[in-house]
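I opened this entry to work through the strand pairing and the helix packing. My notes follow the model.

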Amino acid sequence: MKKIEHIGIAVANLEESSKIYEKLFGTPSYKQEEVTSEGVKTAFFNSGPNKIELLEATNPESSIAKFIAKKGEGIHHIAFDVDDIVAEIERLKGEGFIVLNEVPKKGADNKLVAFLHPKSTNGVLIELCQEIR
């Protein structure tokens, strides 16, 4: 893993939450996107070399809607940038991690993504991200 790619924050209202982060960072989000397959709308903010992703559910059955219903708004996941997501999935499976997506899927911000189950990472949902080339 090369670096933290972004921190994902589950929010109930993307528009209202974006206003908060615009004030916090002094700049608007650089990208907003809907990922229909995941039932979310996202907004991305830069903070120096780091990124924050706000996620709002567009579907009551989405993982974000379920997360907010159970835990409320807050940090949802930490994403790490990888060079070869397929090789990294295999490596982590070999290390005993529970991989939720054995085949990477298209995520937001031009990324292939896969997730590790929080049961195998001390309660933290980990996302692996690889830039789509």
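I took two strands as paired if DSSP finds at least two bridges between them. Helices (H or I, at least four residues) and strands (E, at least two) are DSSP runs, which I numbered from the N terminus.

The model is predicted, so to speak of local features I need pLDDT of at least 70, side-chain atom pairs count only at pLDDT 80 or more, and totals for chains, interfaces and linings use all residues. Residues are numbered from 1 along each chain as its sequence is written, and side-chain values use heavy atoms, with hydrogens and water left out.

Strand 1. I looked up its two neighbours. With strand 4 (residues 50-57), strand 1 pairs in the parallel sense over five bridges; Ala10 has Leu55 as its bridge partner in strand 4. With strand 5 (residues 74-81), strand 1 (residues 3-11) runs antiparallel, joined by seven bridges. Here Ile9 is bridged to Ile75 of strand 5.

I read the order as 2-3-4-1-5-8-7-6, an open sheet of eight strands with mixed pairing. Strand 2 (31-35) and strand 6 (105-106) are the edge strands, each pairing on one side only.

Helix 2. I found helix 2 (residues 63-71) packed on the sheet, in contact (heavy atoms within 4.5 Å) with strand 1, strand 3 (40-47), strand 4 and strand 5. Its direction makes about 135° with that of strand 5. Axes are lines fitted to C-alpha atoms, for helices over the stretch in contact, and angles run from 0 to 180 degrees between N-to-C directions.

Strands 7 and 8. I noted six bridges between strand 7 (residues 111-116) and strand 8 (residues 126-131), which run antiparallel. Leu116 is bridged to Ile126 in strand 8. Helix 3 (residues 85-94) lies across both strand 7 and strand 8, at about 155° to strand 8.
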